[in-house]
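Thanks for coming. I have one structure to go through today, and I will keep to what can be computed from it.

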Amino acid sequence: MSTHLEKQSSAMQNIGRLLIKCSDKPGIVSAVSTFLLNHRANIVESSQYSTDPEGGTFYLRIEFHSEDLLDQKEAIEKDFRKIADEHDMEYKFSYAAELKRAAIFVSKEPYCMMELLWEWQNGDLDAEIAVVVSNHEDSREMVEALGIPFHYIPANKDIRQEVEQKQIKLMEEYKVDVLILARYMQILTPDFVSHFPNQIINIHHSFLPAFIGARPYERAFGRGVKLIGATSHYVTNDLDEGPIIEQDIERVDHRDDTVQLKKIGRKIERRVLARAVKWHIEDRIIVEDNKTIVFH
């Protein structure tokens, strides 16, 4: 682990996170808060959402601080089961010091990958970049210069199954927690996606369902679009239709030619993907069917 990651891990050593989903009823927040108080934990951030206060679904994210948290986390999780059973909760504890291990998949265009690497270098991405995988060699030099392993695996539709078996093995070898498709221009098969449920994050332009397929910016220019956007979402077996994590837009006009539209689009893609990845690694997302609850 690099020095800046060691500093991040040390600073976050005693920060824990708790995500909860259950039926809404009075007393849930009180029960959880009292539990944390009894375990000498101080709540530093709390966000909640209910679909309907009269019998709807309740979602809660709490970030808390507790001295020597990693030493007592097993006891905390064991003791929490009683409250979880009482309220029929789905829940997950996570710990900021246990950095998620990310794999970045990229093809020829490196701009989204470079944004993530910059955030990582700058200490603003609390993850460990375990490996970069590409079907082109273009990014090898810039990746390896940062001490990150780079794996070139040529890919096309004729050898897709063989390629994905290599990639799955690689993800297991590097103990990867999240896969980031930073302009990786290959379709993933259902078999590959099934290995990583709600762990694959993708980025693409937000013209969809308009201008589907090749040359979207050229066709958008021809149509005279007034908004350019980007969408980041979890990958499912429905192409580009997984649960949306983040979107953003910028206004354009007749003075922006196709080249300028692409530049604006890339800028939006970079920031949208970076935000989506940050929220995932900070455990700010609950996936519910084909949508997300995002506590940002």
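First, the ground rules. This is a predicted model, where local features need pLDDT of at least 70 and side-chain atom pairs count only at pLDDT 80 or more, while totals for chains, interfaces and linings use all residues. Numbering runs from 1 along each chain as its sequence is written, and side-chain values use heavy atoms, with hydrogens and water left out.

Let me start with the sheet. It is an open sheet of 7 strands in the order β7-β6-β5-β8-β9-β10-β11, and the pairing is mixed. Helices and strands here are DSSP runs numbered from the N terminus, helices being H or I with at least four residues and strands E with at least two. Two strands pair if DSSP finds at least two bridges between them. The edge positions belong to β7 (150-152) and β11 (244-251), each with a single partner strand, so one side of each has no neighbour in the sheet. From one strand to the next, the twist averages 20°. Angles run from 0 to 180 degrees between N-to-C directions, with axes as lines fitted to C-alpha atoms, for helices over the stretch in contact.

At one end of that order, β10 and β11 pair in the antiparallel sense over 7 bridges.

Helix α4 (residues 111-121) touches β5 (100-106), β6 (127-134), β8 (178-181) and β9, and its direction makes about 155° with that of β6. Helix α6 (residues 160-173) touches β5, β6, β7 and β8, at about 160° to the direction of β6. Contact means heavy atoms within 4.5 Å.

Now the cores. A nonpolar core is a set of buried Ala, Val, Leu, Ile, Met, Phe, Trp, Tyr and Cys residues joined through side-chain atoms within 4.5 Å. Buried means under 20% relative accessible area, exposed over 50%, and partly exposed in between, with a 1.4 Å probe and protein chains only. The largest core has 42 residues, and I104, I228 and L273 have the most contacts inside it. Elements giving two or more residues to this core are β5, α4, β6, β8, β9, α8, β10 and α9. Of these, α9 gives the most, with 10 residues. A second, separate core has 22 residues, among them I168, M171, Y184 and V193.

What does I228 touch, not counting residues up to four places away in sequence? The list is F207, Y217, D248, I249, E250, V252, L261, I264, G265 and I268.

Y217 takes us to helix α8 (residues 216-223), where P216, Y217 and A220 are buried. Seen down the axis of α8, the buried residues fall within an arc of 90°, so they line one face of the helix. That arc is taken from the directions from the helix axis to the C-beta atoms. Their cover includes β9 (200-205), β10 (227-234) and α9 (258-281). After α8 comes G224, with a positive phi near 75°.

On to aromatics. The structure holds 11 aromatic pairs. Rings of Phe, Tyr and Trp (its six-membered ring) pair if their centres lie within 6.5 Å; planes under 30 degrees apart are stacked, over 60 edge-to-face, and the rest tilted. F80 and Y91 are edge-to-face, 5.0 Å centre to centre with 65° between the planes. This pair links helix α3 (residues 69-87), which holds F80, to strand β4 (residues 90-95), which holds Y91, 11 residues apart. F80 is buried at 0% relative accessible area, whereas Y91 is partly exposed at 32%. F192 and F196 make a tilted pair, 5.2 Å centre to centre and 50° between the planes.

Finally, some single residues. D68 has a positive phi near 55° without being glycine, and sits in the loop between β3 (57-65) and α3. N198 also has a positive phi near 55° and is not glycine; its place is the loop between α7 (190-194) and β9. Is N198 buried or partly exposed? At 34% relative accessibility, N198 counts as partly exposed. E288, in strand β12 (residues 285-288), is buried at 18% relative accessible area.
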